[in-house]
Amino acid sequence: MKKTVTFDIPEIYRLSHTVDDKSLKYFDEETNIFNPISIKDGDKFRADYKKDAEQQDIEDGVLDYVHTKTQEKWK
């Protein structure tokens, strides 16, 4: 007797985003007359970086690759 098992593969998505806080450097933000920044600017940078990294994964085909490999594994 032949039995068939079917797997539904959910949409692939990024589980987490990590920014290495040690790689971020803040210089004297109050006295910088050429390009004053604030802590809010740093927070915005982190959010934008995460969004850009996710978009780059899509453009590079990372999510499609993972989906394809998952399907191949369960054939």
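Accessible areas here come from the Shrake-Rupley method with a 1.4 Å probe, and for residues only the protein chains shown count as cover. On this basis the chain has an accessible surface of about 7,300 Å², with 54% of that belonging to carbon and sulfur atoms. The structure is a predicted model, in which local features need pLDDT of at least 70, side-chain atom pairs count only at pLDDT 80 or more, and totals for chains, interfaces and linings use all residues. Residues are numbered from 1 along each chain as its sequence is written, and side-chain values use heavy atoms, with hydrogens and water left out.

The chain holds 2 helices and 0 strands (DSSP runs numbered from the N terminus, helices being H or I of at least four residues and strands E of at least two). Of its 75 residues, 5% are buried (under 20% relative accessible area, with exposed over 50% and partly exposed in between; 1.4 Å probe, protein chains only).

Helix H1 spans residues 39-60 and includes aspartate 57. This aspartate 57 counts as buried because its relative accessibility is 19%. Leaving aside residues up to four places away in sequence, aspartate 57 touches Arg14, Val62 and Leu63 (contact meaning heavy atoms within 4.5 Å). Tyrosine 49 also sits in helix H1, and at 41% relative accessibility it is partly exposed.

Tryptophan 74 counts as exposed, since its relative accessibility is 52%.
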